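Biologist: I have a structure open and would like to learn how to read it. Where should we begin?

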Amino acid sequence: MIKKFIYLEWKAFTRSASFGVNVAMKILIGFLMIYFSILFIGMGVGAFYVLRKMNLEPLVTINQFLIYYFLFDLVIRLLMQAIPVLNIKPLLILPFKKPTIVHFSLGKTALSFFNWVHALFFIPFSVVLALEGYDIAGVIFWLLAAFSLIYINNFLNIILSNIDKLFVVFIGAILLLAAAQYYKVFDITSFTTPAFQGFYAVKGLFLIPVLVLIALYAFTFKYFKNNLFLDAGLSKKADIAETENLAWLNQFGTLGTFLKNDIKLIKRNKRSKTTIVMSVFFLFYGFIFFGNTQQPEVMHIFAGIFVSGGFLFVFGQFVPSWDSSYYQLMMTQNIPYRGYITSKWWLIVIATFISTIIASFYLFYGWEIYLTIIVGAIYNIGVNSHLVLLGGAFTKTPIDLSSAGGAFGDKKAFNVSAMLLTLPKILLPLGLYAIGLYLGNKTLGLSLVAGAGALGFILKDKVFSLIEKRYKIEKYSTISAYKQKN
Amino acid sequence: MIQVNQLSKIYNGIKVLNIDNLEIPKGQSFGLVGNNGAGKTTFFSLLLDLIQPSTGNITSNTIQVNTSENWKSFTGSFLDESFLIGYLTPEEYFYFIGDLRHQNKADIDALLASHEEFFNGEILNNKKYLRDLSKGNQKKVGIIATLIGNPEVVILDEPFANLDPTTVSRLKKIIKDLAENPNVTVLVSSHDLQHTVEVCDRIVALNKGEIVKDIQTSKETLQELESFFAV
């Protein structure tokens, strides 16, 4: 029975629309995975010695941070980890037993990247602990407990993913706990550290997380099994629709028509709403670089581009795929390509502008930092917005906007490949800024980047004609690519 | 109105459509019948410039459809659900199409009011997005949307499929009314011989991409077609 499932999964994997098309992308992701794997393993091995050098007891210190580690892991999962869905509906009427279907769907999640990546840290760390003379049985028990907690997160994510916006609550909780600890109001680690330490020191304590994990699996299993009906877990949630006229946009003519549609697109689809949340996260990206003396100064422009460019990178990247489900309609209507592209461009410009205004809290780091962000925004509007739209002509992955389902639905759409596509758009300004820094000073670097942005803005009409031409050339292959749904 | 010249479409070495010459005069209601895979949708997709012809071309109102885009302003079409925008309500969808075809809100409201019977109270003001409507109701929206802006060419692919009997008879009336207008050319494809014969002046039967019958509708047409498709 399971063999049949694996056969189906393999076919689904190799025949998916995106497979094989982006070989270069696959290779890049592969390299990135290897890079992160090595990084994690290095951390696992190195953490022990680094901490000991700092005159800290390694295991206790790690245990101190584990509560944040696991909370953060849960947030990341809620945001990014897609729940692998078997194509369940056609299986229901075939002679498969329901428990088999559920066990397999749940078992599949256990193999997710989001689970095994932790092993890369915990296993080397545990090996070092054992080698350094820690009690081997204790270390194994500690490791088992840690893994139980990781899998608890895995199943929590499955159960909780049906509740929208829950990750905001968890982020809030993390921030609150961290703040309370920082200002010495309340220290959560003083409660959790002994518990984590106990998994190592007290024999048998590790059974608690293991038992919790088993109970949670049983609960998830039961929940899924009871919902394995077309009108329960497999049903589509129908939203209550409200007709909106957005009449104030009429004054912009054709542009207004498209903007109206785009606003509705963003508001009413789970997938596009996620992009808005992601672009808000981009706003805080600068905290990693600004005020951090360990980062090279050249990286400031990197942050500057990112802070205002969140929407551009996560939404703009997929123009025109957002309209993929009704692309044939667009192609038969009386639509000038230019109007269509211009409306998307304005959307990007408006979002970039708003992000830049919100980012004014970086003034806290001084006006020079904020200037970097403004320069980044100019570059985004002048150059990156065009690059993103041009790239769109070649993006032929259909986006299924309506994929939001019930308990089994795959609702998470934000993916790593979207992030990777952004890299080339950052290297150029980085280079310009570096040249400026090398030849003179920061101001020269900033003016070079801003100049490139302004130049792009001046050439807008020319670039748009080019983009328009490209879209027309790609028209037929885009239509046929969008026709294959996943 | 529509002129087809040496048109063919080849996929992987297999000719799926091959029409040497076909002329559809203005005001005709034209029915395209055939089995699955006969090339009906392929022909309509070529007519709408959604796929490229392997050879030949189609002109619509003297505009060659794969070189100029000017045919779009007088052509209304509905092939399948991919012509609908799932996250809009039916009203918003009609207004959106209306905007693109330079119709104001009042024009659209008048058009919708005149088709209230066809909608059967299941479309308008229902607090549902198009993606949550049933297949049949989605089709109703798509069909009426093709009529926005008084197009001169209306193209409907399998309009009778998925509709309930009452709606089918109402749809036939809509198509007949359109056909009576000498300025409107209607193109309909269907598996259903009887429906097509009822609404069309002329029927063309396709088989494996070739035209195998081209008849002006008369009393005997249905019988003739039925005996042709019977094996």
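Biologist: Which residue of S4(B) does Gln3(B) stand opposite?

Modeller: Gln3(B) faces Thr59(B). Thr59(B) also has a bridge partner in S5(B), namely Gln64(B).

Biologist: In which sense do S4(B) and strand S5 (residues 63–64) of chain B pair, parallel or antiparallel?

Modeller: They pair in the antiparallel sense, over 2 bridges. The hairpin of S4(B) and S5(B) has 2 residues between the strands, and in this hairpin Asn61(B) takes a positive phi near 55°.

Biologist: What does UniProt list for residues 2–230 of chain B?

Modeller: The UniProt record, an unreviewed entry, lists that span as "domain: ABC transporter". In the model, the span is 33% helix and 28% strand, and its end C-alpha atoms lie 30 Å apart.

Biologist: Leaving aside neighbours within four places in sequence, which residues is Val186(B) in contact with?

Modeller: With those neighbours left out, Val186(B) is in contact with Ser29(B), Phe30(B), Val154(B), Ile175(B), Leu178(B) and Ala179(B).

Biologist: How many residues does the contact take from chain A and from chain B?

Modeller: Chain A gives 24 residues and chain B gives 28 residues. On the side of chain A that touches chain B, helix H11 (254–268), helix H14 (327–332) and helix H20 (460–483) each supply at least two residues. H11(A) gives the most, with 5 residues. By class, that side of chain A has 11 nonpolar, 10 polar and 3 charged residues.

Biologist: Why should pLDDT be looked at before reading coordinates in detail?

Modeller: Where pLDDT is low, the predicted coordinates should not be read in detail. For chain B the mean pLDDT is 91, and 100% of its residues reach 70 or more.

Biologist: Where in chain B is confidence lowest, and where is it highest?

Modeller: Within chain B, confidence is lowest in helix H8 (residues 221–229), at a mean of 87, and highest in strand S7 (residues 153–157), at 95. For the complex, the predictor gives an ipTM of 0.87 and a pTM of 0.76.

Definitions and conventions: Residues numbered from 1 in each chain as written. Chains lettered and ligands numbered in written order. Predicted model: local features only at pLDDT ≥ 70, side-chain atom pairs only at ≥ 80, totals over all residues. Contact = placed C-beta atoms within 7 Å. Helix = DSSP H or I, 4+ residues; strand = E, 2+ residues; numbered from the N terminus. Nonpolar A, V, L, I, M, F, W, Y, C, P; charged D, E, K, R; others polar. pLDDT = per-residue confidence, 0-100. UniProt positions renumbered as here; feature names shortened; annotations may be inferred. Pairing = 2+ DSSP bridges.
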